[in-house]
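Subject: Structure for your files

Hello,

Here is the structure you were waiting for. My notes on it follow below.

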Amino acid sequence: MEEYIVSARKYRPLTFDSVVGQQALTTTLKNAVRSGKLAHAYLFCGPRGVGKTTCARIFAKAINCMSPTADGEACGTCESCKAFGEQRSFNIFELDAASNNSVEHIKTLMEQTRIPPQVGRYKVFIIDEVHMLSTAAFNAFLKTLEEPPAHVIFILATTEKHKILPTILSRCQIYDFERMTVRDTVAHLKTVADSEGIQYEEQALAVIAEKADGGMRDALSIFDQAASFSQGNITYAKVIEDLNVLDSENYFSIVDLALENKVSDIMLLLNQLISKGFDGGLLIQGLAHHIRNVLMARDPQTLPLLEVSDQQRQHFQEQAQKCQIPFLYQALRFCNQCDVQYRQSGNKRLLVELTLIEIAQITQPSDDAAASGRKPTRLKSLFKKLIQDQQSQNVVPQVTQTARTVSSPTPLATDTRTTAAPAAPSAPRPTLKSSISSSWKNIREQAKPQKMQIMLGALDEGDTTTAANDEQQPFSQSDLEFQWLSMCNRMPQKYGGIANRMRNITPKITEFPAVEVVVDNQLALDQMLSIQANIVNTLKLHLRNNAITMQMRVAKQKEQQRILTRREQYEAMEQKNKAIRILRESLDLELA
């Protein structure tokens with residue numbers, strides 16, 4: 001039985017012309033070989049499976065070819081080409097930097113550069129996955145890379161160029177490989193299928209190309225898998241089943257149902273897909289990609305952006321004629337919001353269902369019914385039914401009167417059940433909307449000074465609000481301290497500095513209701529004296545005692561307390577509680 005070789009190895013390109021999807025890059029390399037203008041270091045970067053290592057081998061073979069063709073290709077018949085084809089060439093070395101990334105490996109490589117080639121003109125060193133080298137290995141590689149011997153050429157390959165040191169990048173010619181398009185991948189898969197005698201459907205090959213995500217090696221691996229599953233007849237249905245890919249017809253159905261506002265049918269379809277094991281997040285991502293393709297299919301200029309088969313492109317064009325651009329924009333917005341919130345959501349299925357419901361209601365006519373599930377386009381639509389009912393029952397004057405009663409400056413002293421005399425017949429009847437608006441405005445105007453007074457703790461300049469003249473409620477030292485701290489916390493931002501100082505001061509009752517405040521220094525005293533009247537008025541208001549008096553003075557020297565250090569605080573704690581000392585000694589602790 002003949003040995004089986006996977007398609008990715010069996011159909012690996014051997015010449016520049018057989019490389020798929022990199023025409024501009026291969027043309028540049030062929031011109032360099034033909035003209036003999038070769039750099040000492042090259043960097044091939046790009047996604048996986050697009051031909052970086054393959055092009056490096058073809059380039060190395062062409063460099064050492066003794067009789068290259070006129071267009072820069074290797075002849076394939078000279079001794080150097082034969083040695084390379086039989087994998088016995090001593091002039092071309094491949095190093096996997098993923099497993100040889102230490103300084104010792106690089107030093108060994110540098111020693112090999114000193115030996116000139118025995119056959120051919122150059123020694124070519126291909127270093128794959130060069131971004132895996134350690135920083136020390138990169139530094140050891142720098143000098144040789146900048147000024148290598150005349151017979152040495154380095155070809156570096158990587159999938160992550162951003163991880164390579166800038167000093168390495170500046171010493172190389174950089175070639176960026178492009179991701180494979182679906183059209184190029186399908187064309188290459190057709191060639192492979194014809195060579196292997198495998199029957200296929202073009203739409204099935206398009207699914208394989210989309211699944212490969214721009215990598216030819218991945219596409220060939222999936223192709224081999226699908227060929228094995230379908231036993232030499234690759235059909236769309238078998239590829240969908242083998243790869244467990246969501247059929248694109250489901251996306252077409254969801255969009256068609258959404259245009260018809262059939263939410264129930266969409267929910268049933270979603271349940272079927274989830275029951276088959278498909279993830280809701282992948283469904284939303286696929287739907288977003290599908291809607292994007294529909295949007296591109298509306299304009300002939302953007303039609304080439306669709307990387308699908310010709311049959312699929314025709315299907316997208318047909319659906320694009322049914323969809324309006326606002327619908328597509330809004331649906332894309334909903335899908336994007338769901339995709340962003342999906343990972344953090346606690347109920348992922350509910351999030352997907354809500355997103356599909358919103359998409360299905362985009363084209364639904366505006367409905368103000370309570371069970372419509374749509375938010376109103378205007379706020380006033382919420383009150384539309386209420387206004388109609390109130391007008392039909394002729395109760396607008398009572399509602400207006402109630403609003404006026406609420407807006408009274410003394411609401412607690414007014415009986416809300418009392419109604420005023422009806423308005424004169426000649427006066428126009430006010431509407432519910434205007435009555436509520438004017439009443440709410442009056443309430444805000446009346447409540448604004450009281451709210452500001454409470455928030456600022458009666459410390460606004462010029463505020464002299466006090467308790468009633470006849471109030472003489474008793475209060476204790478704890479009540480005084482509580483109201484003092486509360487006042488400090490309510491003080492406006494412009495009094496922030498003095499409020500912080502006042503929090504560290506404890507007022508004391510000397511002879512009830514006289515209060516004494518002892519301040520540490522003269523500066524703080526001057527600041528507090530400037531607002532003393534407001535402080536006294538605030539305490540009178542909240543302690544409900546209009547006889548409070550306050551004296552402020554600077555503390556005497558013997559009254560000032562020295563701030564203790566951490567060690568002194570701990571020693572004081574030990575003196576008060578011997579258990580702390582016992583705990584320290586038993587754990588053998590030391591105070592840092």
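Tyr4 counts as exposed, because its relative accessibility is 60%; the cut-offs are under 20% relative accessible area for buried, over 50% for exposed and partly exposed in between, with a 1.4 Å probe and protein chains only. Before going further, note that this is a predicted model, in which local features need pLDDT of at least 70 and side-chain atom pairs count only at pLDDT 80 or more, while totals for chains, interfaces and linings use all residues. Residues are numbered from 1 along each chain as its sequence is written, and side-chain values use heavy atoms, with hydrogens and water left out.

Tyr4 lies in the segment before helix 1 (7–10). Helices (H or I, at least four residues) and strands (E, at least two) are DSSP runs numbered from the N terminus. Together with Ile5 and Val6, Tyr4 forms a nonpolar patch on the surface, with about 290 Å² of accessible area for the three together. A patch takes residues with over 30% relative accessible area and no salt bridge, joining like charges within 9 Å and nonpolar side chains (Val, Leu, Ile, Met, Phe, Trp, Tyr) within 5 Å. Areas come from the Shrake-Rupley method with a 1.4 Å probe, and for residues only the protein chains shown count as cover.

Overall figures

The protein has 26 helices and 10 strands. Of its 592 residues, 38% are buried. The accessible surface comes to about 35,300 Å², and carbon and sulfur atoms account for 52% of that. Among contacts (heavy atoms within 4.5 Å) with a separation of 6 or more, 72% are between residues 24 or more positions apart.

Strand 1

Strand 1 is largely enclosed by the rest of the structure, because five of its five residues are buried. Both of its faces are covered: Ala41, Leu43 and Cys45 are buried on one side, Tyr42 and Phe44 on the other. In a regular strand the side chains alternate between the two faces of the sheet.

Strand 1 runs parallel to strand 4 (residues 152–158), with five bridges between them; strands are taken to pair if DSSP finds at least two bridges between them. Ala41 has Phe154 as its bridge partner in strand 4. Strand 1 is also parallel to strand 5, through four bridges, and there Tyr42 is partnered by Gln173.

Leu43, in strand 1, counts as buried because its relative accessible area is 1%. Beyond neighbours within four places in sequence, the contacts of Leu43 include Val130, Leu156, Ile164, Leu169 and Ile174.

The sheet of strands 8, 9 and 10

Three strands make an open sheet in the order 8-9-10, with mixed pairing. Strand 8 (508–509) and strand 10 (549–554) are at the edges with a single partner strand each, so one side of each has no neighbour in the sheet. Strand 9 (residues 514–519) pairs with strand 10 in the parallel sense over six bridges. Helix 23 (residues 522–530) packs on this sheet and touches strand 9 and strand 10, its direction making about 155 degrees with that of strand 10. Axes here are lines fitted to C-alpha atoms, for helices over the stretch in contact, and angles run from 0 to 180 degrees between N-to-C directions.

Salt bridges

The whole structure contains 17 salt bridges, each being a side-chain nitrogen of Lys or Arg within 4 Å of a carboxyl oxygen of Asp or Glu.

- Arg48 and Asp218 meet at 2.8 Å, N to O. Arg48 is in the loop between strand 1 (41–45) and helix 3 (52–64) and Asp218 is in helix 10 (residues 216–230), 170 residues apart.
- Arg171 and Glu146 meet at 3.1 Å, N to O. The pair ties together parts 25 residues apart in sequence, because Arg171 lies in the loop between helix 7 (166–169) and strand 5 (173–176) and Glu146 in helix 6 (residues 135–146).
- Asp256 and Lys322 have their closest N and O atoms 3.9 Å apart. Asp256 is in helix 12 (residues 248–259) and Lys322 in the loop between helix 15 (310–320) and helix 16 (325–342), so parts 66 residues apart in sequence are tied together. Lys322 is exposed, with a relative accessible area of 52%.
- Glu79, Glu86 and Arg88 are linked in a network of salt bridges.

Regards
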